[in-house]
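My notes follow in the order I looked things up.

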Amino acid sequence: MARSDVLVSADWAEQNLNAPKTVFIEVDEDTSAYEGGHIEGAIRLDWRKDLQDGVRRDFLNQQQFSDLLSARGVANDDTVVLYGGNNNWFAAYAYWYFKLYGHKDVKLIDGGRKKWELDGRPLSKDAVSREKTTYQAEAPDLSIRAFRDEVIDAIGNKNLVDVRSPDEFAGKILAPAHLPQEQAQQRGHVPGAINIPWSTTANEDGTFKSDDELEQLYKEKGYDEGKPTIAYCRIGERSSHTWFVLKEILGKSDVKNYDGSWVEYGSLVGAPIELEVR
């Protein structure tokens, strides 16, 4: 896997806005950002309304995801180009989601909406609609998704990468103050986890750091190249960004995202928790 397989530059994106079989999709933490202006021709996916089951805390199932993309005009053989605000935070979450359901050709705009705006590139407020398709999602690829029991079993055996802020990791806070307060019952982190905040993998303009810089970052934090990895955060979106870095940019093998993350783990009865910061 090379960067060119999973990332496109803002220049490439602007030059390919009308390329055949290419769909631009914006996914933002601030779900109203799209309405203020979006890349011309891009459709929107609302991570909360579109990508979550309406009742259970879970993703859309295979048929629901198929129906969603069919209605939005995405075909199985389209190149899906995702971007969003906050260093592609939720765009990376959507990328992982597309991979979970087997979409073959999906990429991120390096730097996302932030880089696009810093460059002064145009945004549009025009409504976008696409002709419906018949999308067929594949069965979920559970080789990239971890569940709670697997996380407990991984203690002492795998790399557990906690990508939250140092204060969340240390149990000083449950969630960043500016974010919705989805809460766990207890503070702290999974025993043995290393704390590598997701945002440290990005440059000031939102683009990803170089491969050498990223390798050095993980090495300095104690990442063990010989072990499988599970990344987690609070609700699974920041850890999607780290999953993208480890799996898609650096090509690490056996990397999973624990989307249940701390909101689930910190509420489990009897689950081991650590507060000490080593």
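Predicted model: local features only at pLDDT ≥ 70, side-chain atom pairs only at ≥ 80, totals over all residues.

**Entry 1**

Which residue in strand 8 is the bridge partner of Val 161? I found Ala 231. Residues are numbered from 1 along each chain as its sequence is written, and side-chain values use heavy atoms, with hydrogens and water left out.

I checked my terms next. Strands (E, at least two residues) and helices (H or I, at least four) are DSSP runs, numbered from the N terminus. Two strands pair if DSSP finds at least two bridges between them.

Strand 6 (residues 159-162) and strand 8 (residues 229-232) run parallel, and four bridges join them. They belong to an open sheet of four strands, in the order 7-6-8-9, with parallel pairing. Strand 7 (194-195) and strand 9 (255-257) are at the edges, each with a single partner strand, so one side of each has no neighbour in the sheet.

Strand 1 runs parallel to strand 5 (residues 106-109), and two bridges join them. Leu 7 stands opposite Leu 108 of strand 5.

Which strands does helix 9 lie across? I noted strand 6, strand 8 and strand 9. Helix 9 covers residues 238-249 and runs at about 165 degrees to strand 9. Axes here are lines fitted to C-alpha atoms, for helices over the stretch in contact, and angles run from 0 to 180 degrees between N-to-C directions.

I picked Thr 242 in helix 9. Is Thr 242 buried or exposed? Thr 242 has a relative accessible area of 0%, so it is buried. Buried means under 20% relative accessible area, exposed over 50%, and partly exposed in between (1.4 Å probe, protein chains only).

I listed its contacts too (heavy atoms within 4.5 Å). Leaving aside neighbours within four places in sequence, Thr 242 touches Val 161, Val 163, Trp 198, Tyr 218 and Ala 231. Val 161 and Ala 231 are the bridge partners from my opening question.

**Entry 1: helix 8 against helix 9**

Two packed helices are described by the angle between their axes and the distance between the axes. For helix 8 (residues 211-220) and helix 9, I read about 115 degrees and 12 Å. From helix 8, Asp 211, Leu 214 and Tyr 218 make the contact. From helix 9, Thr 242, Val 245, Leu 246 and Ile 249 do.

I looked at Asp 211 in helix 8. Asp 211 is partly exposed, because its relative accessibility is 31%. Apart from neighbours within four places in sequence, Asp 211 contacts Arg 3, Ile 249 and Leu 250. Asp 211 and Gly 236 are 25 residues apart in sequence and 23 Å apart in space, C-alpha to C-alpha.

**Entry 2: aromatic rings**

How many aromatic pairs does the structure hold? I noted 20. Rings of Phe, Tyr and Trp (its six-membered ring) pair if their centres lie within 6.5 Å; planes under 30 degrees apart count as stacked, over 60 as edge-to-face, and the rest as tilted.

Phe 59 and Trp 96 have ring centres 5.5 Å apart and planes at 70 degrees, so the pair is edge-to-face. Phe 59 lies in the loop between strand 3 (43-44) and helix 3 (62-72), and Trp 96 in helix 4 (residues 85-100), so the pair ties together parts 37 residues apart in sequence. Both residues, Phe 59 and Trp 96, are buried.

Phe 65 and Phe 98 have ring centres 5.4 Å apart and planes at 80 degrees, so this pair is edge-to-face. Phe 65 is in helix 3 and Phe 98 in helix 4, 33 residues apart. Phe 65 and Phe 98 are buried.

One aromatic cluster includes Phe 59, Phe 65, Tyr 93, Trp 96, Phe 98 and Trp 198.

**Entry 3: Tyr 93**

I ended on Tyr 93, in helix 4. Its relative accessible area is 3%, so Tyr 93 is buried. Tyr 93 and Ser 240 are 147 residues apart in sequence, yet 4.9 Å apart in space, C-alpha to C-alpha. Neighbours within four places in sequence aside, the contacts of Tyr 93 include Trp 47, Phe 59, Gly 236 and Ser 240.
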